[in-house]
Amino acid sequence: MNTLCPDLQYTIEHPSSDGYLPFLDILIHPDKSPSVYRKPTHTNLYARHNSCAAPSTKDSVIRSLITRAYNLCSPQHLQPELQTVRSICISNGHPAPRVDRIMNQIHLKQTSSPTTMSARQFKCTCSPPSSLRFSLPYHHSLSKPLKKILTSYDIDVTFSSATTLRDTLTNVKSPTPPHLTPNAIYSIPCKDCPASYIGQTYRPILKRIKEHKASTNKHLS
């Protein structure tokens, strides 16, 4: 198959000498049971409890790690993974009672009957949506009282993390080259006069320029 296209090469992932096979964030054990896989370079660093972020944002980190354990782990690997998650959350500064409370909530959700609905879920289902909803930057001392005031006026507000110094100084993604930029307005100057052609395309500019060249060559031939 690799001979069909030199730019597309397939590889085969073989189990290690002890029979383990990592695949994405899943580790397949010799008995074919799955658990969560972490790379050797994984640092276990997540949003810390003292970070300037909304409590719901920090709780969502804990929830996502616990939910992943339930979704990926087979029964014999679930409890060790939950203990690992608990240790990781505590090492990131999250209070143990808060971590345990979230773990108990998710445990009840995973083990309860699908027809069982909590009072909070019932309230969310029956209550009409707020007439107005918007997002504000999170502030450690103002967000909570502000949310309480706005909620009393039937205004649903969510909070987002503010721009950090790292966001300002770093860019982890390479910028798209101009000739590959889609959804752009471009100008093609004439070589023989001051006129220019201005166009708009939703495709990459390089592809649109090639179409212009092909059309020009067709009319000149």
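In the predicted model, helix H1 crosses helix H3 in a right-handed sense. H1 spans residues 55-72 and H3 spans residues 96-111; the two pack with their axes 10 Å apart and at an angle of about 50°. Because angles of 65 to 115 degrees count as roughly perpendicular and those under 35 degrees as roughly parallel, the H1 and H3 pair is classed as oblique.

On the H1 side, the contact is formed by Pro55, Asp59, Ile62, Arg63, Ile66, Thr67, Tyr70 and Asn71. H3 contributes Arg98, Val99, Arg101, Ile102, Met103, Gln105, Ile106, His107 and Gln110. Sorted by class, the residues in the contact of H1 with H3 comprise 8 nonpolar, 5 polar and 4 charged.

The largest nonpolar core contains 16 residues. Within this core, the members that touch the most others are Ile62, Ile66, Tyr70, Leu78, Leu82 and Cys89. Two or more core residues are supplied by each of H1, helix H2 (75-91) and H3. H1 provides the largest share, 6 residues. In soluble globular proteins, nonpolar side chains tend to be buried together.

Tyr70 belongs both to the H1 side of the contact with H3 and to the core members listed above. With residues up to four places away in sequence left out of the count, Tyr70 touches Leu78, Leu82, Ile106, His107 and Gln110.

Methods
Residues numbered from 1 in each chain as written. Predicted model: local features only at pLDDT ≥ 70, side-chain atom pairs only at ≥ 80, totals over all residues. Heavy atoms only, no water. Axes fitted to C-alpha atoms, helices over the stretch in contact; angles between N-to-C directions. Helix = DSSP H or I, 4+ residues; strand = E, 2+ residues; numbered from the N terminus. Parallel < 35°, antiparallel > 145°, perpendicular 65-115°, else oblique. Left-handed = near helix turned anticlockwise from the far one by under 90°. Contact = heavy atoms within 4.5 Å. Nonpolar A, V, L, I, M, F, W, Y, C, P; charged D, E, K, R; others polar. Core = buried A, V, L, I, M, F, W, Y, C linked by side-chain atoms within 4.5 Å. Buried < 20%, exposed > 50% of the residue type's maximum accessible area, 1.4 Å probe, protein only.
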